[in-house]
Amino acid sequence: RIDLNIENGQMISSKDYYLNAEIIIDGAGVWPSMTDSVQVKGRGNSSWSSNPYAKNPYRLKFAAKKKPFGMTAGKSWVLLANAADPTMLHNYAMFTLAGALGDSVTSPCRFVTLRLNGEYMGVYLLCEQVEGGKTRVPIDDGASGSTDTGYLIEFGGNAYDPDRYGFRLD
């Protein structure tokens, strides 16, 4: 379980700026428990801006690398709401399958329950934030004068089309 207690009891209303918070991770005797300072904000594009669900995704940023629930060490983590997936299994299944098939950049993930300022928010999927780097997604920027061969693609703005199942690409 994760408890996030935001400074002054504020609510997360933006994905543009971080709020200071205390995080309490209860490992339930399976993983180490921890209490630490963290910064938290909203995250996502379509899952934040046009989310028809009351359940929002969040991004966590620690000052130093942490290993929540025994996962790999990292500073940036995400709490995926999986609000559009009634099974809450799609992301977990694909991350687990990619890891089993040898994808070295797929971070492990854990299901967690989240309480925000004491209020139960539901079940989330805690994962490391996808980023480029030497120990992260290996993006080859190419030597000077050569062709770039590595890319990390992110949809910008709101690509979700509520009238269709899927995304629009303009």
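Two strands are taken to pair if DSSP finds at least two bridges between them, and the strands themselves are DSSP runs (E, at least two residues), numbered like the helices (H or I, at least four residues) from the N terminus. By these rules, strand S1 (residues 2-6) and S2 run antiparallel and are joined by five bridges, with Asp 3 standing opposite Ile 24 in S2. The model is a predicted one, in which local features need pLDDT of at least 70 and side-chain atom pairs count only at pLDDT 80 or more, whereas totals for chains, interfaces and linings use all residues. Residues are numbered from 1 along each chain as its sequence is written, and side-chain values use heavy atoms, with hydrogens and water left out.

The chain as a whole holds two helices and seven strands, and along the sequence these follow the pattern β-β-β-α-β-β-α-β-β. The seven strands form a closed barrel in the order S1-S2-S3-S4-S5-S7-S6, with mixed pairing. Direction ignored, neighbouring strands of this sheet are turned against each other by 35° on average; here axes are lines fitted to C-alpha atoms, for helices over the stretch in contact, and angles run from 0 to 180 degrees between N-to-C directions. Helix H2 (residues 90-100) packs on the sheet and touches S5, S6 and S7, and the direction of H2 makes about 20° with that of S7, where contact means heavy atoms within 4.5 Å.

On its other pairing, S2 meets strand S3 (residues 34-42) in the antiparallel sense over seven bridges, and the bridge partner of Leu 19 in S3 is Val 40.

Side chains of opposite charge can pair when their charged atoms come close. If a salt bridge is a side-chain nitrogen of Lys or Arg within 4 Å of a carboxyl oxygen of Asp or Glu, the count comes to three. In one of them the side chains of Asp 3 and Arg 115 meet at 2.5 Å, N to O; because Asp 3 lies in strand S1 and Arg 115 in strand S6, this pair ties together parts that are 112 residues apart in sequence. Asp 3 also forms a salt bridge with Arg 1, at 3.0 Å, N to O. Burial is judged by relative accessible area, with buried meaning under 20%, exposed over 50% and partly exposed in between (1.4 Å probe, protein chains only). On that scale Asp 3 is buried at 7%, whereas Arg 1 is partly exposed at 36% and Arg 115 is partly exposed at 30%.

Another salt bridge joins the side chains of Lys 66 and Asp 36 at 2.8 Å, N to O. This pair links distant parts of the chain, with Lys 66 in strand S4 (residues 58-66) and Asp 36 in strand S3, 30 residues apart. Lys 66 is partly exposed at 23%, and Asp 36 is partly exposed at 22%. Salt bridges that share partners, by contrast, join Arg 1, Asp 3 and Arg 115 into one network.

Strand S4 also holds Lys 65, which is exposed with a relative accessible area of 55%. Leaving aside neighbours within four places in sequence, Lys 65 is in contact with Ala 73, Gly 74 and Lys 75. Lys 65 and Ser 76 are 11 residues apart in sequence and 8.1 Å apart in space, C-alpha to C-alpha. Ser 76 belongs to strand S5 (residues 74-80) and is buried, with a relative accessible area of 7%. The side chain of Ser 76 makes a polar contact of 3.5 Å with that of Arg 59, the term standing for a pair of N or O atoms within 3.5 Å, of which, within protein, one must be able to donate a hydrogen and the other to accept it, while residues adjacent in sequence count only if both atoms are side-chain atoms.

Over the whole chain, buried residues make up 34% of the 170 residues. Among contacts between residues at least 6 apart in sequence, 46% join residues at least 24 apart.
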